[in-house]
Amino acid sequence: MRVLMIAPPGAGKGTQGALIAAHFNIPHIATGDLLRDHVARQTALGQAVQAYLDRGELVPDQIVLDMTREAIIAAKAAGGGYVLDGIPRNMEQARAAYEIARELGMTADVALHLRADDAELTRRLLARAALEHRSDDTAEIIAQRLALYYEVTAPIIAWYRDRGILVSVDAMRSAPEVGREILAALEAIRPSLDHASARERLSLDLASLGEAFGATGSSG
Ligand code: ADP
């Protein structure tokens with residue numbers, strides 16, 4: 001199962017991403033977490049990105065795309081599934097991430113969109129600020145992150161709808177309720193993914209069978 005998540009800040013990407021990862025036993029790749037980890041460790045990359053995070057701006061595309069490529073390569077080695085949380089965040093990232101995934105044979109099966117209104121998102125982020133002290137969970141920076149989401153991230157949703165992989169879930173309810181609905185939707189999709197891979201296996205098997213019998217490949 002390969003899932004990417006598109007959601008405004010505060011919708012629950014982190015919580016639901018972790019749930020999906022645990023349920024399907026696949027890696028949870030969260031670009032925000034990876035970046036904050038670099039900041040906490042004060043690596044060169046962390047020092048380069050800290051100001052963007054503090055201002056609620058997007059870090060340069062190439063930085064997150066390089067991280068994502070590395071993480072998808074690791075996910076491929078770990079069995080082939082993933083939950084991507086935090087990327088893509090603009091159309092350029094969406095195209096580039098798709099190219100990377102296609103090159104690695106790891107394109108997403110599902111684009112999971114979480115919907116919630118601004119008042120609820122702001123309420124949740126301010127509540128989290130009281131607990132976690134994230135540098136970007138202040139009223140002003142929250143407003144900036146939301147505005148950026150509507151301006152550059154939300155437009156990507158139509159692209160996934162056109163590709164036929166969009167699943168959109170109402171995230172206004174409690175985390176367990178939203179989680180149950182997400183897992184039910186993904187479980188409903190899972191058999192069709194298994195069938196697709198079964199078909200691939202079948203055509204591979206037939207090809208090698210043809211070779212074994214000295215077929216010239218003209219039957220396809
Ligand atoms: P949220 O969705 O609540 O804003 P994240 O943890 O996903 O939280 O992201 C936090 C910050 O990390 C973003 O505001 C941005 O500065 C940076 N970031 C994360 N992912 C990306 C990305 N794909 N492209 C650019 N910047 C990113």
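Okay, let's start at the ligand: a polar side-chain atom of Thr31 sits 2.8 Å from one of the ligand's nitrogen atoms. That's a polar contact, meaning a pair of N or O atoms within 3.5 Å. Before I go on, this is a predicted model, where local features need pLDDT of at least 70 and side-chain atom pairs count only at pLDDT 80 or more, while totals for chains, interfaces and linings use all residues. Residues are numbered from 1 along each chain as its sequence is written, and side-chain values use heavy atoms, with hydrogens and water left out.

An N or O atom in the side chain of Gln93 is 2.8 Å from a ligand nitrogen, and a backbone N or O atom of Gly86 lies 2.9 Å from a nitrogen atom of the ligand. On its own the ligand exposes 550 Å², and the protein buries 96% of that (Shrake-Rupley areas, 1.4 Å probe).

So who's around it? There are 20 residues around the ligand, and Lys13, Thr31, Glu57, Gln93 and Arg145 come nearest (near means a heavy atom within 4 Å). This shell has eight nonpolar, four polar and eight charged residues, with Gly counted as polar. Helix α2 gives the largest share, four residues. Both α2 (31–41) and α3 (44–55) supply at least two; helices here are DSSP runs of H or I, at least four residues.

One last thing, the aromatics: the whole structure has three aromatic pairs (ring centres within 6.5 Å). Tyr98 and Trp159 make an edge-to-face one, 5.9 Å centre to centre with 90° between the planes; edge-to-face means over 60 degrees. Tyr98 is in α5 (residues 91–103) and Trp159 in α8 (residues 156–163), 61 residues apart.

Definitions and conventions
Polar contact = N/O pair within 3.5 Å; in protein donor to acceptor, adjacent residues only side chain to side chain. Phe/Tyr/Trp six-rings, centres within 6.5 Å; stacked < 30°, edge-to-face > 60°.
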